[in-house]
Amino acid sequence: MLYKLIPPSVVTATIQLPASKSISNRALIINALGKGIYPPENLSDCDDTQVMIKALTEGKETIDIMAAGTAMRFLTAYLSVTPGERTITGTARMQQRPIQILVNALRELGAEIEYTRNEGYPPLRIKGAELKGNEITLKGNVSSQYISALLMIGPALKDGLTLHLSGEIISRPYINLTLQLMQDFGAKAAWTSPNSISVAPQPYQSIPFKIESDWSAASYWYQIAALSPKAEIELLGLFHNSYQGDSRGAEVFSRLGITTEFTSQGVKLKKTGKAPERLEEDFVDIPDLAQTFVVTCALLNIPFRFTGLQSLKIKETDRIAALRAELKKLGYVIEEENDSILMWNGERCEPEETPVIETYEDHRMAMAFAPAIIRHPNLLIADPQVVTKSYPGYWEDLKQAGFQVINEG
């Protein structure tokens, strides 16, 4: 499938954003561990969350989480402390995504997990039981989802959990999001030093809980505002004091000329017309926003140097390679350094006449490149349905904002 887009001359829209996937998935696991009687409200309707709901409610012996990396990691830990024997698997790409660090940590706590195919990768056979271990050390630069998966089962462990993180800790906001939600559900979990977290063996409580809209999804509307000649956009369901690390995207966009006004409903975006000569930013805490800013800056002709991108290589695709390949089609030569830095000094090449943007089974590639239509009217988006992973209503919301979305087959 290919989508052709035609942007409106002025973007005027009020958008009900999807609920936060990060909060939805954590709230579901915590609620299940606490045997909650109140289902979390305003759950995300994205693939990842639907997969999680299915896994937690259907009770099947084989759980297929398809392409949902978060579900794979969180459920691996959850199933380790939940009675029963199950196999967890996913797509061909999911079976190439490493999970050994998490499996080793869970085994250290006493979990019974075996690889059914390739050592270090899903599918996994997990036999749930009470885990006796209570202390682990991990490198701080591993995926924060491994850390969150372990923290969330902490209250269910016989003696709780002490987690030590060595070296530089990446994605700290995601760890803090997990701790905040655990505390909301009655757990005793906190940093005890800059590199250690302690979780008491105190069970979760069942509470009513409403989920905030997704700041990662909001970033694509900030991008549309930045690239459009005129835009008035209101985004509903975002909180001023958000738990989500990606809320920092609003501050970075303020430097690209987009201001955020908080209302009782959410936020209103306004263009100031300001733009920096160059943008430098460390994305170690906000890796999911990297694609948005790489594409936005290139299209605004703002040279950039973005560091802290080491986790991009193990996401849905190798996002560093994907960004460089697809932006080259639009005429931008992006350089990389040390597998963790992307930079652009303004170098251009001949753009393709009708560039087809490949999305690599990666929802964020589709959503970060769709707004590029404002500056590159011949662009087409391949496999646009990938957005269902986090924002199923994205194309419909674009239509509501005045974009024409045409299926070119």
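At what angle do the axes of helix H7 (residues 215-227) and helix H9 (residues 290-299) cross, and within what distance do they come?

Modeller: This is a predicted model, in which local features need pLDDT of at least 70 and side-chain atom pairs count only at pLDDT 80 or more, while totals for chains, interfaces and linings use all residues. Residues are numbered from 1 along each chain as its sequence is written, and side-chain values use heavy atoms, with hydrogens and water left out.

The axes of H7 and H9 come within 10 Å and cross at roughly 0°. H7 and H9 are therefore roughly parallel to each other (angles under 35 degrees count as such). The contact (heavy atoms within 4.5 Å) involves Ser 219, Tyr 220, Gln 223, Ala 226 and Leu 227 on H7, and Thr 292, Val 295, Thr 296 and Leu 299 on H9. By class, 5 residues in the contact are nonpolar, 4 are polar and none is charged. Here Ala, Val, Leu, Ile, Met, Phe, Trp, Tyr, Cys and Pro count as nonpolar, Asp, Glu, Lys and Arg as charged, and the others, Gly among them, as polar. The axes are lines fitted to C-alpha atoms over the stretch in contact, with angles running from 0 to 180 degrees between N-to-C directions. Helices are DSSP runs (H or I, at least four residues), numbered from the N terminus.

Tyr 220 leads on to Arg 364. Arg 364 touches Tyr 220 as well as Lys 21, Ser 216, Asp 288, Gln 291, Arg 319 and Ser 390, leaving aside residues up to four places away in sequence. Arg 364 belongs to helix H11 (residues 363-369) and is buried at a relative accessible area of 3%, where buried means under 20% with a 1.4 Å probe and protein chains only.

Lys 21, one of the residues touched by Arg 364, lies in helix H1 (residues 21-33). Its relative accessible area is 10%, so Lys 21 is buried too.

An unreviewed UniProt entry gives "binding site" at Lys 21, Gly 69, Arg 97, Gln 145, Arg 319, Arg 364 and Lys 389. From this set, Arg 97 and Lys 389 are in the lining of the second largest cavity. A cavity is a set of points, on a 1 Å grid over the protein atoms alone, where a 1.4 Å probe fits but cannot get out, and lining residues have an atom within 4 Å of a point. The UniProt positions follow the numbering used here, feature names are shortened, and annotations may be inferred rather than shown by experiment.

Key: On a 1 Å grid over the protein atoms alone, a cavity is a set of points where a 1.4 Å probe fits but cannot get out, and a pocket is an open set with protein on both sides within 12 Å along at least five of seven lines; lining residues have an atom within 4 Å of a point. Helices (H or I, at least four residues) and strands (E, at least two) are DSSP runs, numbered from the N terminus. Buried means under 20% relative accessible area, exposed over 50%, partly exposed in between (1.4 Å probe, protein chains only). Angles under 35 degrees count as roughly parallel, over 145 as roughly antiparallel, 65 to 115 as roughly perpendicular and the rest as oblique.
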